[in-house]
Amino acid sequence: MHKKIHEKILNLMRDGSYAPLTAEELLDALAGECSATDFWQELLALEQNGEIIKTRFDTYGLPEKMGLVAGRFQLTSKGFGFVIPDNKGDRPDVFIPPRSLNGAMNNDRVLARVNNDTHGKKPEGEILRIIVHANNKVVGVFHQSGDFAFVTPDDKRIGQDVYVMKRDFNKAQDGQKVVVEITAWPQEHRKAEGKVTEILGNLGDVGLEILSIIKQNDLPLEFPEEVLAASRKVPKTIKKSELAGRRDLRGRTVVTVDGEDAKDLDDAVYVEQIGKEEFLLGVYIADVSYYVTEDSVLDKEARERGTSVYLVDRVLPMLPERLSNGICSLNAGEDRLTMACEMHIDGKGAVLSYEIFPAVINVRHRLSYNIVRAVLAGDKELCQRYEDVVPMLAKMDELRQILHDKRARRGAVDFDLPEQKVILDEKLHPIEIVQRIHGNAESIIEEFMLAANETVAQHMFKQRWPFVYRVHDVPAEDKMQELAKLLANFNVKFRVSEETKPKEVQQAVKAIAGRPEERLITTVALRSMKQAVYQTDNIGHFGLAAKYYTHFTSPIRRYPDLIVHRLLRQWLQAPKLKSSEVEPLTEKLDMIAEHSSIRERAAADAERATVELKKCEYMAEHIGEEYDGVISGVTAFGMFVELANGVEGLVHISSLMDDYYEFFEERYALVGTHTGHVYRLGDKVRIEVLQVNISDVAIDFIMAGENAGVREHIRQQLLSKQKPAKGFSSQRVALSAETNKKKHERSKGLKNKQPGRRSGKHGKPADKSKKRRKKK
């Protein structure tokens, strides 16, 4: 793709005075700025990608100027969905009712017509065509019916079964979990068709659910033999000849600090005080690009994978173990090649000067976060064992605070949300859910990596080199309006402007600190943010309040970091890039950045799904037990309650036995019609675990104290209802008022006011004139 021609065409159409032109008129308007061949190629590519539209009069224009929108389609389990516009800006999502899907499936890239007659609601529309299909492979359960079968997708958001003819069964049997490849895409009155390509196992097999998640997110389980063969050719040790041109820092007391079970150690650190108010911070990153050369077999595999994936029970590495745990890993006592970033930092956290250069190091100690935490706390035994680095660790903690304070002053938003780790036994059965610790030891490495990432990004930006940045755009104004409404419920003022500043969000989060609702406000604020992505256009990082940011510090497990190292290597060899090299390199980096962002999201979805699955398995052992929790989401059909261990379950509105409850969107609350009893976001409640559906990854709670008869009645009642879809955790916790409205009120005429069952005879509502029992 010729990026310059691409942008010239789009910029011409974005001009306020532009009226749709024919292709020939467009070419004339560009006045010889490109060849006719290149122009026609780009025009066709833009049309096929939905970035421009060809009208019935053979003229071209932008979709948004024609009442159309191109974007990614998100389908819900209820049968309706939303088109999330490309380059969204302030453009709202477009609601697509079930009758207007036109065969679109979840995550397809589509072109939709917008219906402006929305009576004050969010825009509604219909899908005109599918630009790019997203689900060429589907994981689900195989259901045979004579000479044909249907595969019911695990991901209910896909929205429809896949039809399979007998010749395409591939020995699959009824009830098995399979992977099916789409051979014919769905149309308005016809299901998708496919063929079975892989049989994953029988329902109930140990490990089948996690295998299904891996396949559903298109994650590779094994390395191809040619990749493993290439990795075996990489030497296990460093030759003297490889040290040429590298700074020898093997005499320096460099340490690694990681989790107890980490094996791919790609960063090492060193701190020295070199003046009263000045520190030398050395960040040394494994020089993976030295071993993984451009377009080699190893490079192509790493590019395709994009990232290592850390599932609850295994790691799917980006690079073969020979590299990730071997020659690239900064193992203590071994000479290792690195790319170094050394910074002189003053007492206010400013980087006074820096150097980026290739080096060789020999790590003195392999420390863990637990060790560093204990040393900083004065543990005598560990202080004695690591006496040679104890003073440096103290300086590291001092510098950590300086760097953190600097980020806080400029407005960085720290979303310090607790994370859970599920502990498994040898049979991969969950036995405990623990909170991950994030203390000073973890913060030391976090702050040092942030400093190095910012320094490298700023350096390459000022060199005017094509580069891959880690960017985080300004949040949409409508999301900030919703956050402001929520904060107002807790008497916190948050003024929304056209372009929100990080400092404003930071101050709002600070205002709620220490209060019971802190966790929930922080969660909602985080979900109001846009996703951080990789791209070549540097727009800064909103959350970090940073003008320049990249990912440089984890090349063993993230492909963008490997690319950053490769670009640094090229810059070191030839600081001035030829003008003819800029455009091809930028185009290549654009594709890498986009693919890396997609693979990162798939990895995150898989990681989250496996944790949620194991949480369900864990809670299945605790049915009937009572827990204290906090209301983490309120919707028209009930409320979600989060327990101290991070597990979340649904208290369905029909299980509230003491009254009819009405959903008040603006207040994030359910209010009893007669008693006035309120269940509000952030309230503490006590619940009982009613039932767990592991296949749907769904947990149902009821309010604690119900008798056995009531519990059974509620259980049967819930079983008769449509269960929330698998993977619904990410949907159900969307707390914004508009999201709740779109997802639950618009589907099938669902109304705000819904009765809970009360204690009348045979489950019927009790006489309204009678006194209602109060909640316990």
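The model is predicted: local features need pLDDT of at least 70, side-chain atom pairs count only at pLDDT 80 or more, and totals for chains, interfaces and linings use all residues. Residues are numbered from 1 along each chain as its sequence is written, and side-chain values use heavy atoms, with hydrogens and water left out.

**Figure 1. Overview of the protein chain, with 20 helices and 35 strands.** Helices (H or I, at least four residues) and strands (E, at least two) are DSSP runs, numbered from the N terminus. The C-alpha trace spans about 85 × 80 × 60 Å along its principal axes. The radius of gyration of the protein chain is 28 Å, which agrees with the value near 28 Å for a compact globule of 776 residues; this radius is taken over C-alpha atoms, and the globule rule is 2.2 Å times the number of residues to the power 0.38. Of the 776 residues, 52% count as buried, where buried means under 20% relative accessible area, exposed over 50%, and partly exposed in between (1.4 Å probe, protein chains only). Among contacts (heavy atoms within 4.5 Å) between residues at least 6 apart in sequence, 67% join residues at least 24 apart.

**Figure 2. The open sheet of S1, S3 and S2.** Three strands follow the order S1-S3-S2, with antiparallel pairing. Strand S1 (21–22) and strand S2 (53–54) stand at the edges with a single partner strand each, so one side of each is left without a neighbour in the sheet. Two strands pair if DSSP finds at least two bridges between them; S2 and strand S3 (residues 59–61) do so over two bridges, in the antiparallel sense. Ile 53 stands opposite Gly 61 in S3.

**Figure 3. The hairpin of S28 and S29.** Strand S28 (residues 638–643) and S29 run antiparallel and are joined by five bridges. Phe 640 stands opposite Leu 650 in S29. Four residues lie between the two strands, and Gly 646 in the turn has a positive phi of about 90 degrees.

**Figure 4. Strand S29 and its parallel neighbour S34.** Five of the five residues of S29 (residues 648–652) are buried, so the strand is largely enclosed by the rest of the structure.

**Figure 5. Arg 464, a residue other than glycine with positive phi.** Phi of Arg 464 is near 60 degrees. This arginine is found in the loop between helix H12 (440–462) and strand S25 (469–471). Arg 464 counts as exposed, at 76% relative accessibility.

**Figure 6. Val 697, a residue other than glycine with positive phi.** Val 697 lies in the loop between strand S33 (684–693) and S34, and its phi is near 50 degrees. Val 697 is buried, with a relative accessible area of 10%.
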